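Dear colleague,

Please find below the structure that I am handing over to you. My notes on what was found in it follow directly after.

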Amino acid sequence: MPDDLHETFDAADPAAEDNAKRDAARTAREDADVLRGIMHTKQGRAWLLRQLDACHINNSPFAAGQPDVTAYHLGEEAVGKRLLIAVMAASVDLYMKAIKESQEEEARLNEVRKKEREKREERDAPADVRELMFPLPPPAGFPGGPPLPKKK
């Protein structure tokens with residue numbers, strides 16, 4: 001292994017400092033390019049929002065009575081916050097587009113579920129309560145029923 005891989009950073013050397021700044025800026029640009037590439041497709045934006053949701057960005061990481069689970073969720077949330085900051089730095093417009101698409105998709109799915117529920121209720125519900133009872137004729141004297149017997 002070459003020794004130059006284990007060189008320490010010399011903060012007193014202006015050239016080394018400039019190189020480190022340039023490397024950090026290049027890495028940040030490359031990371032932003034990768035995130036923009038992911039976010040340029042609808043599937044990529046949806047995937048990114050699912051990752052943020054998995055990191056408890058849009059909900060509480062706290063698990064009542066379970067401090068170990070809460071600590072684990074807080075660690076996931078910290079990763080999610082770092083990802084969110086990187087996404088926002090890469091492209092706020094694409095992130096806002098992802099949120100808008102997510103809301104539209106949720107509204108569409110809610111409408112589909114509502115229609116399916118209505119169809120199911122219509123199919124399973126009886127048309128009339130009278131259909132549930134025996135098909136008895138109306139009592140004597142009622143409309144549609146036999147006439148009252150004549151008294152003798």
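Arginine 36 is partly exposed, at 26% relative accessible area (buried means under 20%, exposed over 50%, partly exposed in between, with a 1.4 Å probe and protein chains only). Please note that this is a predicted model, in which local features need pLDDT of at least 70 and side-chain atom pairs count only at pLDDT 80 or more, while totals for chains, interfaces and linings use all residues. Residues are numbered from 1 along each chain as its sequence is written, and side-chain values use heavy atoms, with hydrogens and water left out.

Arginine 36 forms a salt bridge with aspartate 33, with 2.5 Å between the closest N and O atoms (a salt bridge being a side-chain nitrogen of Lys or Arg within 4 Å of a carboxyl oxygen of Asp or Glu). The two residues lie 3 residues apart in helix H1, so about one helical turn separates them (helices are DSSP runs of H or I with at least four residues, numbered from the N terminus). Aspartate 33 is partly exposed, at 47% relative accessibility.

The structure holds 8 salt bridges. Another of them joins glutamate 17 to lysine 21 at 3.6 Å, N to O; these residues are 4 apart in helix H1, and therefore about one helical turn from each other. Lysine 21 is exposed at 53%, whereas glutamate 17 is partly exposed at 31%. In helix H4, glutamate 105 and arginine 108 form a salt bridge of 2.8 Å, N to O, and are 3 residues apart, about one helical turn. Their relative accessibilities are 32% for glutamate 105 and 43% for arginine 108. Shared partners link Asp23, Arg26 and Glu30 into one salt-bridge network.

I turn next to helix packing. H1 and H3 pack at about 85 degrees with axes 9 Å apart (axes are lines fitted to C-alpha atoms, for helices over the stretch in contact, and angles run from 0 to 180 degrees between N-to-C directions). H1 is therefore roughly perpendicular to H3 (65 to 115 degrees). H1 contributes Ala32, Leu35, Arg36 and Met39 to the contact, and H3 contributes Leu83, Ala86, Val87 and Ala90 (contact means heavy atoms within 4.5 Å).

Finally, the largest nonpolar core has 11 residues, among them Leu35, Met39, Val87 and Leu94 (a set of buried Ala, Val, Leu, Ile, Met, Phe, Trp, Tyr and Cys residues joined through side-chain atoms within 4.5 Å). Helices H1 (14–39), H2 (42–54), H3 (67–90) and H4 (92–124) each give two or more residues to this core.

Yours sincerely

How values were computed:
Angles under 35 degrees count as roughly parallel, over 145 as roughly antiparallel, 65 to 115 as roughly perpendicular and the rest as oblique.
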